[in-house]
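Subject: The structure I promised you

Hi! Here is the structure we talked about. Have a look around it yourself, then read my notes below.

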Amino acid sequence: HAKQSGRNRLAEFVPAMTAATQRRAALERELRRAIDGGQLAVHYQPQFDCASGALLGVEALVRWRHPEHGPISPAEFIPIAEESGLIVELGSWVLRHACAEVAQWQRAGGPALTLAVNMSARQLREPGFIEDVTRALASSGLAPGRLELELTESVLMEDVAGALAFMQSVRALGVRLAIDDFGTGYSSLAYLQTFPINQLKVDRSFVQLLPQRGETIIHAVLALARGFGLTVVAEGVEEPRQLEWLREAGCDVVQGYLLGMPMAADAFRERFLEPATA
Ligand code: C2E
Ligand code: MG
Ligand code: MG
Ligand code: MG
């Protein structure tokens, strides 16, 4: 009897896998159209000076509203975009779109904000990427020092020599570099003295342990950053006591649902820029 039900479970499992594979293949085809078809949007999550509470900048986070499936999470479609190579086109769309939008806010009288844009490994290997950045800056009028590219540790470790050359060309443009999800990758601390990085973003898995746990790691990250002349962003701040702890510890920048969700451009302008631009 047990054998019988075991076989039934397997029979149910196989079509389920097929459905997941089919959805993936369909999403890959549809993502191609979504990039040109206006289904993508950039949402902006605010970043604040931890000590003064001043708005410093935004992180651009891509969104896909599928005509039938509704919103699809980047956690699902970014890996598909990476494996299919579509990330190159998608990433360059995000870069152009976000640079234009943030530069426009400032022209309309808003404060000068920093724009952080996420990057995948595939983009870093793309020969035309530096040119894409140059063009996005030139056509938007955003100052290079206002743009920050976020890379994860795994992206750096995949090809250390390639990453170093890439980072040097980015820094030569005057564009800033941040390490995203810091503390979660398989990397060597030695890269902190090799790579021309400006900022570390402590992963939210550590921030969310505060204040009972996570303190030792965040104190260590802050000390490490000081030593190398880097600033630290705490991601995923959700509770007032986490913010309080970070302020006392001397963290530089904070980002998280407590302070602001990722928002569509209109909502962001209304909430954070309207007083200045109205
Ligand atoms: P990430 O770069 O580490 O972005 C932070 C993620 O945490 C975002 O998820 C954001 O919405 C979420 N988040 C922010 N504050 C909080 C908080 O207080 N609590 C919790 N639980 N979550 C918070 P999202 O937008 O779903 O993006 C997921 C990941 O997808 C990003 O992680 C990034 O790796 C990738 N991604 C998003 N947009 C792009 C893009 O344009 N290009 C590339 N290559 N990757 C992107
Ligand atoms: Mg990020
Ligand atoms: Mg992150
Ligand atoms: Mg992440």
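Start with aspartate 180, which bridges two magnesium ions, ligand 2 and ligand 3, lying 4.0 Å apart. Before you go on: this is a predicted model, where local features need pLDDT of at least 70, side-chain atom pairs count only at pLDDT 80 or more, and totals for chains, interfaces and linings use all residues. Residues are numbered from 1 along each chain as its sequence is written, chains are lettered from A and ligands numbered from 1 in the order in which they are written, and side-chain values use heavy atoms, with hydrogens and water left out.

Now the ions one by one. A donor here is an N, O or S atom within 2.8 Å of the metal (3.2 Å for Na, K and Ca), and water is not among the atoms, so sites may look incomplete. The magnesium ion that is ligand 2 has Glu59 (OE), Asn118 (OD1), Glu150 (OE) and Asp180 (OD) as its protein donors, 2.0 to 2.2 Å away. Along the sequence, these donor residues are spaced E-x58-N-x31-E-x29-D. Glutamate 59 in strand 2 and asparagine 118 in strand 4 (residues 114-118) are 59 residues apart, so the pair links distant parts of the chain. Helices (H or I, at least four residues) and strands (E, at least two) are DSSP runs, numbered from the N terminus.

Most residues other than glycine have a negative phi, and most peptide bonds are trans. For the peptide bond, check leucine 210 and proline 211: a cis bond joins them, with omega about 0 degrees. Proline 211 is in the loop between helix 8 (204-207) and helix 9 (215-228).

Next, ligand 1. Which side chains make polar contacts with it (pairs of N or O atoms within 3.5 Å)? Among them, glutamine 45 has a polar side-chain atom 3.0 Å from a nitrogen atom of ligand 1. Aspartate 181 turns up again, with a side-chain N or O atom 3.1 Å from an oxygen atom of ligand 1. Arginine 204 puts a polar side-chain atom 2.9 Å from an oxygen atom of the ligand.

The shell around ligand 1 has 10 nonpolar, six polar and eight charged residues. Here Ala, Val, Leu, Ile, Met, Phe, Trp, Tyr, Cys and Pro count as nonpolar, Asp, Glu, Lys and Arg as charged, and the others, Gly among them, as polar. Strand 2 gives the most to this shell, with four residues.

Happy browsing!

Conventions
A polar contact is a pair of N or O atoms within 3.5 Å; within protein, one must be able to donate a hydrogen and the other to accept it, and residues adjacent in sequence count only if both atoms are side-chain atoms.
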